[in-house]
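Biologist: Could you put the model up so that we can go through it together? I have a few questions as we look.

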Amino acid sequence: MLLYKIEDFNPSYREEAFDGEDIKGFDVCAGNTDEKIGTIDTVLVDETGRFRYFAVETGVWIFGKKVLVPIGICRVEINTRRVYARGLQNKQQVENLARYENGMVVDYDYEEQVRKVYRTPTAGASAPVEASLPLEASRIVTPSAPVSVSPPVSNQATAAGYDRNTYSYDRDPELYQMNEQDHQKFRLYEERLIASKTRHKTGEVIISKRVETETAKISVPVAKERAVIEHLTPENAGTPVSPEAAFGEQETVRMELHEETADIKKQTFLREEVNIRKEVDKETVESTEALRREKLDLSAEDR
């Protein structure tokens with residue numbers, strides 16, 4: 001059975017398996033101590049999505065070497081971001097393990113080289129529970145062009161009565177099954193009020209201009225000249241005059257007459273300006289809801 005890196009098998013593994021956490025980068029400690037031996041590089045899962053190995057970068061013990069640690073001999077603490085490798089006790093084990101490289105094919109022959117380092121006659125696990133991910137087969141992504149590494153098959157597998165065609169992970173429960181007591185997490189939930197605002201249209205104001213026509217009257221006084229001819233009787237009327245003086249040259253009198261006319265036309269002027277703006281009136285909306293909260297009830301007998 002071929003193994004896959006968890007990020008290739010399901011890109012959404014953080015949300016579906018670790019509640020948004022990324023197990024890559026967790027510190028790895030030797031045994032049950034706080035002695036750091038490296039960090040998690042990735043997790044290898046089988047074709048069904050079950051955890052099989054942690055790929056550990058052993059930069060503290062052996063710089064630049066990655067090894068595989070079976071999931072069953074590890075204890076994961078999400079809160080402290082630590083993995084306790086109970087089956088990895090000393091540096092000599094790391095030196096004996098086959099080197100793991102990104103992109104390589106982890107096949108049966110390679111796994112046998114890894115398993116023989118961890119197998120012990122007295123190893124066992126209590127109340128084993130299969131370590132699995134709720135991953136759908138439709139999310140499987142086949143890794144790209146891995147490099148095949150096939151070490152020689154150990155004689156131990158043949159002596160145990162199985163080979164590459166008959167082996168299953170159930171034969172090594174102490175390596176591949178996780179003790180639920182070491183990995184359980186108890187969660188308390190509560191309800192909270194989450195407020196959000198939705199903006200929606202309540203009305204619309206349309207402002208435009210139109211032209212109105214009205215009749216206007218204007219009065220303009222104008223002046224007009226006219227000629228007035230008056231006949232008067234002079235004081236010396238009846239006095240004789242000589243014919244030459246009376247009927248001499250003909251006389252002509254000219255007088256220009258003027259008058260005013262009204263010149264009326266239309267001209268456009270700015271009358272007023274109109275400013276358009278919006279004002280926001282704010283108010284507080286209150287809501288009362290009944291919220292539920294879980295509390296922990298602890299019952300202990302004999303401490």
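Modeller: Here it is, and please keep in mind that this is a predicted model. A place to begin is V274, which is exposed, with a relative accessible area of 63%.

Biologist: Where is V274 placed in the chain?

Modeller: V274 lies in the segment after α7, the helix of residues 243-246.

Biologist: And which residues form a nonpolar patch on the surface with V274?

Modeller: The patch is formed by V205, I207, V274 and I276, which together have about 460 Å² of accessible area.

Biologist: Let's go inside, then. Which residues have the most contacts in the largest nonpolar core?

Modeller: Those are F54 and L68, in a core of 47 residues. Leaving aside neighbours within four places in sequence, F54 is in contact with a list of residues that includes I23, I40, T42, V43, L68, C74 and V83. As background, nonpolar side chains in soluble globular proteins tend to be buried together.

Biologist: Is strand β3 enclosed or open, and why?

Modeller: Strand β3, residues 36-45, is largely enclosed by the rest of the structure, because seven of its 10 residues are buried.

Biologist: What about the hairpin turns, which residues take a positive phi?

Modeller: In the hairpin of β2 and β3, with five residues between the strands, G31 takes a positive phi near 60°. In the hairpin of β3 and β4, also with five residues between the strands, G49 takes a positive phi near 90°.

Biologist: Back to β2: in which sense does it pair with β7?

Modeller: β2 (residues 27-30) and β7 (residues 82-85) pair in the parallel sense, over four bridges, and R82 in β7 is the bridge partner of D27. On β6 (residues 74-77), which runs antiparallel to β7, E77 likewise has R82 as its bridge partner.

Biologist: Last topic, helix α4: how many of its residues are buried?

Modeller: Helix α4, residues 108-118, is mostly covered, with 10 of its 11 residues buried.

How values were computed
Residues are numbered from 1 along each chain as its sequence is written. This is a predicted model: local features need pLDDT of at least 70, side-chain atom pairs count only at pLDDT 80 or more; totals for chains, interfaces and linings use all residues. Side-chain values use heavy atoms; hydrogens and water are left out. Patches are made of residues with over 30% relative accessible area and no salt bridge: like charges are joined within 9 Å, nonpolar side chains (Val, Leu, Ile, Met, Phe, Trp, Tyr) within 5 Å. Accessible areas come from the Shrake-Rupley method with a 1.4 Å probe; for residues, only the protein chains shown count as cover. A salt bridge is a side-chain nitrogen of Lys or Arg within 4 Å of a carboxyl oxygen of Asp or Glu. Helices (H or I, at least four residues) and strands (E, at least two) are DSSP runs, numbered from the N terminus. Buried means under 20% relative accessible area, exposed over 50%, partly exposed in between (1.4 Å probe, protein chains only). A nonpolar core is a set of buried Ala, Val, Leu, Ile, Met, Phe, Trp, Tyr and Cys residues joined through side-chain atoms within 4.5 Å. Contact means heavy atoms within 4.5 Å. Two strands pair if DSSP finds at least two bridges between them.
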